[in-house]
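Me: I would like to learn how to read the features of a protein model. Please take me through them one at a time.

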Amino acid sequence: MRHPFLSFLLTLLSCIMTVSPAVAEELKPRLVVLTDIAPASIEPDDMESMVRLMTYADQVEIEALITTIGWNCDPYPTEWADSLWRVIDAYGHDVKQLMKRSGQKRFLSLAEEQGRQAIGYWPSADYLRSRVAMGSQRAGIGVIGEHNSTPGSDLIIRLADEDDPRPLWVASWGGANTLAQAIWKVQHERTEQQFTAFLRKLRVFTITDQDMVYAMRMNRAYSSHQWMRREFARDLTFIWDESAWLSQNELGKNHWQDYVQYVQGHGMLGKAYPTYKWGVEGDTPSWLHILPNGLHDPDDPRQIGWAGCFNRDMCPDSLTVAWTNWRAPQKDISRQYELRFYDDTFRDFAARMEWAEKGKGNHNPVVVVDGKQGVAPSVLKAKAGERLSFDASETFDPDGDELSFHWWIQHDAGNCPVGLSLTADGPKASLVMPQTKGAEIHVVVEVRDKGTIPLVAYKRLIIVSDD
């Protein structure tokens, strides 16, 4: 028989999840997707990534799904957007099962869903439908300017203007000139101060540069991406991935039978998941970068996440600078992490597809270090020579699964001295703060359960010198 106080707690948690998610402790990261989604017979890649994104709708606030041009289309055929509607319809069928993952009983009203959403809240399909818009149907910088605004570019402006302290992440699965048009319009209509504030609200993550047809992909000057990097480098955060998307394509093909076994056919979303043609889910890293799993702060691209890591570097156009990983040594650094995390990212997806189909499955562990829970990195100060101890003994698994702990230092983030190491024993670890002036050490605890589909969670600790 369930204890009365436990019943009260469960009821309270259900109310928090279903009535007022905005009062919960942590809000989702905001996401705009620019997608050249197409029929599976032409290019299934975006549709695969869209299905996967739907299974994480409780983790990211999907603010806009904007159809636009890409390597395979200029102009973008309006009817291709039907593939997006198909995925949303599949989500609408499966979401009642997915909601069981967080104990959610009902949706907020559509008006309430337009507000801020807490991590754990599954939005309605009607909400997602209300966030679909058409962006630019032509490629390149040449179509940016007066009389070229679209419903998609206007929606980006409206979202950035909302009274919301969270940054607005724009994931470019195709070309990003819908965003460029929004930037152009605001630049010409507002004061310099207002325009700067607008730019600083945005974060751009592009999967290579697709603001052109594939045959001319080396013509960087044709693309609006170069214009954004060149003109607004000081105020616009621009991440240009040339590593994680290639790894995802390759590893997905090499492990395709896993997708057949654990993804395709599982729920309506699984039935909508097409067989690959060129690569598997090459656009997925664009939003894995902001996934709130505790591994990193997306606003610091040096920190490794499930989409690799980046440094400020000259871009392949030899003209602009951005956060990128297109050449050694950064490409090699990012690549080794992409290979390391691939199995974990896939298992996480597979477990969510089980929820979509059956309404039951495994949960990720919940990491607690020194009494602190949450996805944001913990920042600590320490003096040179001071021994620091970390205790994750309060970490728990919602399903009661046995846990294992792995502590490690990300040596290529911060300025960790060569040779610095951790002493670790299960949920506990320690290190001695180096003598390096201005030291910044990034420690990660990685916690795995032993569920049927094993899952992982993380917590990052950033230790800085208290000079």
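Me: At what angle do the axes of helix 2 and helix 3 cross?

Reply: This is a predicted model. The axes of helix 2 (residues 45–54) and helix 3 (residues 82–98) cross at roughly 25 degrees and come within 10 Å. Angles under 35 degrees count as roughly parallel, so helix 2 is roughly parallel to helix 3.

Me: Which residues make the contact between helix 2 and helix 3?

Reply: Helix 2 contributes Met 47, Met 50, Val 51 and Met 54. From helix 3 come Ser 83, Leu 84, Arg 86, Val 87, Tyr 91 and Leu 98. By type, the residues of this contact are 8 nonpolar, 1 polar and 1 charged. Helix 2 passes helix 3 in a right-handed crossing.

Me: How do helix 3 and helix 14 cross?

Reply: The axes of helix 3 and helix 14 come within 6 Å, with a crossing angle of roughly 100 degrees. Angles from 65 to 115 degrees count as roughly perpendicular, so helix 3 is roughly perpendicular to helix 14.

Me: Which residues meet there, and how do they divide by type?

Reply: Asp 94, Gln 97 and Leu 98 in helix 3 meet Arg 352, Trp 355, Ala 356, Glu 357 and Lys 358 in helix 14. The residues of the contact divide into 3 nonpolar, 1 polar and 4 charged.

Me: Which strands does helix 14 lie across?

Reply: Helix 14 (residues 330–358) lies across strand 13, strand 16 and strand 17. Its direction is at about 35 degrees to strand 16.

Me: What is the strand order in the sheet that holds these strands?

Reply: The order of a sheet lists its strands as they lie side by side. Here the order is 11-17-16-13, in an open sheet of 4 strands with mixed pairing. Strand 11 (378–382) and strand 13 (403–409) are the edge strands, each pairing on one side only. From one strand to the next, the twist averages 25 degrees.

Me: How many bridges join strand 16 to strand 17, and how do these strands run?

Reply: Strand 16 (residues 440–449) and strand 17 (residues 456–465) run antiparallel and are joined by 9 bridges. Within this pair, His 442 stands opposite Ile 462 of strand 17.

Me: What is the order of the open sheet of 3 strands?

Reply: That sheet has the order 12-15-14, and its pairing is antiparallel. The edge strands are strand 12 and strand 14, each pairing on one side only. Neighbouring strands are turned by 10 degrees against each other on average, direction ignored.

Me: How many bridges join strand 15 to strand 12 and to strand 14?

Reply: Strand 12 (residues 387–391) and strand 15 (residues 428–432) are joined by 5 bridges. Strand 14 (residues 423–425) is joined to strand 15 by 3 bridges. Ser 430 in strand 15 stands opposite Ser 389 and also opposite Thr 423.

Me: Which residue takes a positive phi in the hairpin of strand 14 and strand 15?

Reply: Gly 426 does, with phi near 60 degrees, and the hairpin has 2 residues between its strands. Elsewhere, His 147 has a positive phi of about 70 degrees although it is not a glycine. His 147 is in the loop between strand 3 (132–134) and helix 6 (151–161).

Me: Where is His 266, and what does its side chain reach?

Reply: His 266 is in the loop between helix 11 (256–262) and helix 12 (267–272). The side chain of His 266 reaches the backbone oxygen of Gln 261 at 2.7 Å. It also makes a polar contact with the side chain of Glu 357 at 2.6 Å. Not counting residues up to four places away in sequence, His 266 touches Asp 94, Gln 261, Lys 271, Met 353 and Glu 357. Two of these, Asp 94 and Glu 357, also take part in the contact of helix 3 with helix 14.

Notes
Residues numbered from 1 in each chain as written. Predicted model: local features only at pLDDT ≥ 70, side-chain atom pairs only at ≥ 80, totals over all residues. Heavy atoms only, no water. Axes fitted to C-alpha atoms, helices over the stretch in contact; angles between N-to-C directions. Parallel < 35°, antiparallel > 145°, perpendicular 65-115°, else oblique. Left-handed = near helix turned anticlockwise from the far one by under 90°. Contact = heavy atoms within 4.5 Å. Nonpolar A, V, L, I, M, F, W, Y, C, P; charged D, E, K, R; others polar. Pairing = 2+ DSSP bridges. Polar contact = N/O pair within 3.5 Å; in protein donor to acceptor, adjacent residues only side chain to side chain.
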